[in-house]
Amino acid sequence: MNFKRFIPAVACFVLLSMTAVGQKQLQLHYDKPAANWEQTLPLGNGRLGMMPTSGITDDQITLNDITLWSGSPQDANNYDAYKKLPQIKELLLAGKNVDAQTLIDKDFVCKGPGSGGKQWGCFQTLGNLNLKFDYGNAYASAYTNYYRRLSLNKAIATATYKLGNTTYTREYFTSFSGDVDVVRLTVDKPGKLNLSIGMDRPERFTTTTKGSILQMEGRLNNGTDGNGMQYIANAKVKQTGGTLTAEGNMLVVKRATSVVIYLSATTDFRDPDFKALMARNLSAAMQKPYAQLKQEHIAKFQKSFNRVNIDLGKANDTETTDQRLISFHNNPDADKLLPVLFYQFGRYLNICSTRVGLLPPNLQGLWANQTQTPWNGDYHLDVNVQMNQFPVEVSNLSELNLPLVELVRGLVKPGERTARAYYNADGWVAHVITNVWGWTEPGESASWGITKAGSGWLCSNLWDHYAFTNDQAYLKSIYPILKGSAQFYNSILVKDPKSGYMVTIPSSSPENSFMMPDGSGRHASICIGATIDNQIMRELFANVITASETLGIDPGFRTQLKKRLTEIPPAGIISKDGRIQEWLEDYQEVEPTHRHISHLYGVYPASEITADGTPKLAEAARKTLNVRGDDGPSWSIAYKLLFWARLHDGNRAFKLFHELMKPVTSTGINYTAGGGIYPNMLSAGPPFQIDGNFGGEAGIAEMLIQSHEGYINLLPAIPDCWKAQGSVQGLKARGNFTVNFAWKNGKVTSYQITSPQAKNVKVKVNGKFEIINSRKSLS
């Protein structure tokens with residue numbers, strides 16, 4: 001059967017032309033400078049980040065390097081913890097959960113302060129590049145025609161304004177080709193540029209000038225002797241006209257017509273020659289003409305960004321983005337393109353905060369303006385770091401999964417020590433949190449820190465890369481990681497005498513708690529066999545079995561896991577009120593609207609519970625979500641959006657997207673309701689957490705295409721407001737398929753599927769199944 005379904009030729013032309021219109025409008029734009037950091041525009045090249053305020057007299061440009069962390073490696077394992085395991089199991093099997101939790105708090109968590117300690121570390125801002133402008137006798141407040149923009153297509157921010165009869169223009173980018181920050185300032189009247197250039201950060205820095213170079217360097221606190229990670233940043237200037245001098249710890253430009261600032265920064269994270277690298281990057285960038293450096297930057301960025309185009313219809317791009325968000329919240333039907341803008345902004349952030357060979361995005365991607373970033377800016381393993389990776393495969397950015405793979409690979413050895421110390425178990429384990437220093441120990445409090453779903457959940461992300469690419473060399477490289485995680489769970493299982501199931505003990509559902517059924521009013525978090533543990537084991541064991549068969553290895557272990565799949569609890573147990581139970585026992589939640597919905601892991605990212613395959617469990621999942629509610633921190637709203645999309649309810653999924661796009665200005669720490677979006681379209685927990693952006697991006701893709709049930713499903717959860725017409729080019733499906741399609745009135749009118757090798761693929765189109773032969777892709 002042919003690889004392509006046709007409609008009349010005019011429709012194919014419409015698909016391409018609509019896409020072109022959509023791409024032209026992929027920008028954020030404003031009519032005033034940023035009043036605070038949550039209004040600045042994020043730039044990044046996977047390592048370096050910049051966020052300029054673009055103020056008239058002061059332009060504070062926040063700088064970042066994704067590798068800049070305080071803290072240092074430590075061993076906080078309690079190597080006697082396993083001795084308490086028999087007593088903990090005995091208490092839990094006797095229903096004495098509170099007593100078990102007390103014992104865990106005392107003897108079964110990490111040693112020391114854990115994530116609250118200085119040695120744990122924190123992702124920190126690199127500092128600020130401060131530009132201060134002097135307009136002579138002109139009043140800066142009298143500026144007109146102000147315009148500030150971020151082009152998603154080019155990864156370039158601009159600002160322009162007029163003061164008197166002079167037009168000032170600024171251009172910013174973090175070079176994908178030259179690995180430096182670049183700021184270009186120009187005026188249309190000769191000699192009108194006067195400014196000073198400085199650098200600082202809140203602590204632990206020294207700024208000096210060395211000839212025409214502005215330099216900032218320092219060393220962060222490692223939590224022991226104070227001599228932690230080193231960093232250096234050098235800025236150098238090329239100007240046309242005027243003079244450049246060093247005055248104290250600043251560079252001063254007078255009467256110039258154009259100025260280009262090049263900033264190179266590095267740290268000694270895995271690189272003892274970091275200062276030489278900084279100097280080489282700076283020198284190489286400055287040897288190229290500005291226009292060439294800019295064009296090379298755009299070309300390299302677009303190789304990734306231009307892989308996907310989506311069009312949903314008419315746009316409202318006349319308003320500034322901050323006002324547009326308000327208008328969309330009031331009337332979402334009037335702006336069909338804002339969901340596309342948000343989706344492509346997510347892909348933009350994926351590309352800008354991730355580089356193969358470096359670190360995966362943390363809780364804030366690579367953008368932070370503090371030395372004490374919220375929640376340490378670390379890697380939370382009970383949804384957040386995984387959510388950062390949710391969209392990259394389907395959004396045709398597969399290689400951006402690899403930094404997480406290497407982070408996980410680095411957790412295996414310390415995770416083996418932790419598995420032995422606490423569980424006397426085989427394999428490796430990671431709990432709720434980790435950092436760049438290889439932390440795998442439980443957190444410092446039993447109520448959240450003992451959850452051990454982290455390692456299994458990370459393996460799901462690793463498996464996704466194989467599922468989407470079919471790269472067997474990659475599968476072979478990650479097999480020891482997957483096997484080690486499965487060995488851990490397999491070796492800790494204990495038979496529950498009440499249910500007869502083999503379960504994890506102790507267990508917990510991430511960050512949630514339940515009322516004890518004895519009427520005492522007490523509550524606990526520690527239990528046996530939390531649902532997420534069961535779902536993760538089912539997915540992990542099945543994946544290891546498949547990998548073992550594919551690679552032709554480990555038949556004995558494969559047999560063990562197949563037997564285990566018959567012994568552990570099912571993917572979901574339906575409670576008396578029709579919901580999925582969060583725990584093996586039907587406990588009452590302390591907080592029914594809790595932000596975590598961990599017991600629906602089987603819906604997403606796993607495929608243990610599906611709309612078509614397990615309809616009764618799917619209905620129980622819907623009831624679970626209805627009780628949980630639609631509000632929460634931004635990442636939680638995004639997760640609910642993903643669940644509803646997987647359950648094929650497009651209108652409810654869109655309702656969650658609308659909730660996610662709620663304009664927010666608060667920056668305080670939030671654990672409950674009130675998530676949304678800041679004026680610069682970064683997600684608000686509050687505060688800023690990038691997982692809301694990435695989860696929302698994944699949710700939009702999931703509404704348009706799904707491939708987790710063994711076939712490609714086109715428009716599985718399209719909301720009514722998107723049905724009129726639309727098109728997609730470049731989304732990916734499992735099996736290494738690239739998919740293009742168009743629709744009208746909610747019905748697919750044409751589609752095209754390509755893959756590296758032509759092969760049969762099952763597709764669900766307009767509710768009917770077809771088996772077609774994909775076309776071999778050209779590249």
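User: What is the mean pLDDT of the protein chain?
Analyst: The mean is 95, and 97% of the residues reach 70 or more, where pLDDT is the predictor's confidence in each residue, from 0 to 100. This is a predicted model, in which local features need pLDDT of at least 70 and side-chain atom pairs count only at pLDDT 80 or more, while totals for chains, interfaces and linings use all residues. Residues are numbered from 1 along each chain as its sequence is written, and side-chain values use heavy atoms, with hydrogens and water left out.

User: Where does pLDDT stay under 50?
Analyst: That is residues 1–22, for which the model has 37 contacts beyond four places in sequence, a contact being heavy atoms within 4.5 Å. Where pLDDT is low, the predicted coordinates should not be read in detail.

User: OK, the sheet: what is the strand order?
Analyst: The order is 2-7-8-9-10-17-14-13-12, nine strands in an open sheet with antiparallel pairing; strands are DSSP runs (E, at least two residues), numbered from the N terminus, and two of them pair if DSSP finds at least two bridges between them.

User: And which strands are at the edges?
Analyst: Strand 2 (27–30) and strand 12 (206–210) are the edge strands, each pairing on one side only.

User: How many bridges join strand 7 to strand 8?
Analyst: Six bridges join strand 7 (residues 144–151) to strand 8 (residues 156–163), and the two run antiparallel, with serine 151 opposite isoleucine 156 in strand 8.

User: Switching topic, is lysine 106 buried or exposed?
Analyst: Lysine 106 is exposed, because its relative accessible area is 64% (buried means under 20%, exposed over 50%, partly exposed in between, with a 1.4 Å probe and protein chains only).

How values were computed:
Helix = DSSP H or I, 4+ residues; strand = E, 2+ residues; numbered from the N terminus.
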